[in-house]
Amino acid sequence: MKSDPRLADIINRPGDKNPAACLVGFPSDNGVKINGGRPGASRAPELIRDQLLKLTPHADYAEQHISFLNGVADHGEISCSGTVEEDQEKLGVFIADSFQQKVLPVILGGGHETAFGHFLGYAKADQPLSIINIDAHTDVRPLKDGKAHSGSSFYQAVQHSSSVCASYNVFGLNPSSVSFDHLEFVKKHGQALFESETIVKNVLGVLNQLTENIMVTMDIDVVKQAEAPGVSAPNASGISSEVWLELAFQFGRHPLVTSFDLCEVNPEYDPDSRTIRLAALTVWYFLLGVALRDV
């Protein structure tokens with residue numbers, strides 16, 4: 001091992017060993033286009049991965065971090081066709097296969113249509129789950145002309161014929177971006193909280209109440225625009241990047257979290273790769289949390 005190792009030196013190719021976790025990119029933003037957002041998120045997975053692999057393991061927890069990262073396989077990217085539903089099916093098959101192999105999937109989006117493909121993995125594996133979404137928006141809009149999009153993922157998950165979704169919970173909502181009807185829909189199926197200084201405490205409280213497997217999805221547009229400008233829907237208020245990273249770490253630590261995705265990074269609007277760097281660090285903190293689950 002090098003004296004100054006990077007994640008690129010540690011994370012494995014598929015097939016090198018039996019992995020404990022895996023990385024996969026979902027380079028889709030057609031759902032964002034259908035939803036009227038700013039396209040560009042399809043470029044994010046590759047750029048996030050490139051930045052992630054440049055990072056070093058945590059020096060204070062080097063043994064645990066490196067040991068876990070040695071069990072992470074990088075599967076590259078899902079080959080997206082451009083049809084949202086077809087691509088979500090592909091991602092769902094990948095996630096279900098990961099569960100069958102007892103591998104924790106970490107998905108690099110993509111628009112937030114990523115989340116429904118992510119959910120389909122649970123449905124295909126017939127695994128009950130609760131969803132936790134960190135997001136400025138509820139994303140419970142109906143389909144548009146019968147088409148799925150970046151704002152419909154959780155409406156689709158809650159209504160899915162499999163009935164595996166036990167609850168949908170969203171935290172960090174921007175009060176100027178949430179309709180009364182959408183908020184009531186979420187409250188009917190789980191919990192919803194607006195952006196606040198106590199978000200970490202609130203999320204940890206809900207995490208500790210849940211008993212099913214937990215699917216975590218983090219939409220980076222919940223972070224204030226000054227700290228995360230490169231997103232599909234900029235947020236003039238939002239939470240701090242410090243709080244965002246603490247949430248990622250705590251999700252990694254929690255034993256019931258069985259999958260994770262990060263969405264809505266848009267490199268087209270990202271000066272100095274500021275948001276890409278934050279996204280890579282988010283995944284780094286999540287993986288560190290998983291590495292420290294037994295500590």
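Tutor: Start with a definition: a residue is buried when its relative accessible area is under 20%, exposed when it is over 50%, and partly exposed in between, using a 1.4 Å probe and protein chains only. Asp145 has a relative accessible area of 81%, so Asp145 is exposed.

Student: What kind of model is this, and from where are residues numbered?

Tutor: The model is predicted: local features need pLDDT of at least 70, side-chain atom pairs count only at pLDDT 80 or more, and totals for chains, interfaces and linings use all residues. Residues are numbered from 1 along each chain as its sequence is written, and side-chain values use heavy atoms, with hydrogens and water left out.

Student: Where does Asp145 lie?

Tutor: Helices (H or I, at least four residues) and strands (E, at least two) are DSSP runs, numbered from the N terminus. Asp145 lies in the loop between strand 4 and helix 7 (153–159). Asp145 has a positive phi of about 55° although it is not a glycine. Asp272 also has a positive phi, of about 60°, and is not a glycine either. The loop between strand 8 and helix 11 holds Asp272, which is exposed at a relative accessible area of 65%.

Student: How are two packed helices described?

Tutor: By the angle between their axes and the distance between the axes. Axes are lines fitted to C-alpha atoms, for helices over the stretch in contact, and angles run from 0 to 180 degrees between N-to-C directions. Here helix 4 (residues 62–69) packs with helix 11 (residues 274–291) at an angle of about 105°, and their axes are 9 Å apart. That makes helix 4 roughly perpendicular to helix 11; the cut-offs are under 35 degrees for roughly parallel, over 145 for roughly antiparallel, 65 to 115 for roughly perpendicular, and oblique for the rest.

Student: Which residues make the contact between helix 4 and helix 11?

Tutor: Contact means heavy atoms within 4.5 Å. Helix 4 supplies Gln64, His65, Phe68 and Leu69, and helix 11 supplies Trp284, Leu287, Leu288, Val290 and Ala291.

Student: In helix 11, is Val283 buried or exposed?

Tutor: Val283 is in helix 11 and counts as buried, at 0% relative accessibility. Leaving aside neighbours within four places in sequence, Val283 is in contact with Leu23, Leu52, Val106, Leu108 and Leu262. Val283 and Val106 are 177 residues apart along the chain, while their C-alpha atoms are separated by 8.1 Å.

Student: How many residues does the largest nonpolar core have?

Tutor: A nonpolar core is a set of buried Ala, Val, Leu, Ile, Met, Phe, Trp, Tyr and Cys residues joined through side-chain atoms within 4.5 Å. The largest one here has 57 residues, and Ile134, Trp244, Leu247 and Phe251 have the most contacts inside it. Helix 11 gives the largest share of this core, 11 residues. A second, separate core has 34 residues, including Ala115, Ile131, Val164 and Val170.

Student: How many residues of helix 10 are buried?

Tutor: In helix 10, 10 of the 13 residues are buried, so the helix is largely enclosed by the rest of the structure. Among the buried ones are Trp244, Leu247 and Phe251. The buried residues of helix 10 pack against strand 4 (129–134), helix 9 (199–207), strand 7 (213–219), strand 8 (257–263) and helix 11.

Student: Which residues are joined by a cis peptide bond?

Tutor: Gly109 and Gly110 are, with omega about 20°. Gly110 is in the loop between strand 3 (104–109) and helix 6 (114–125).
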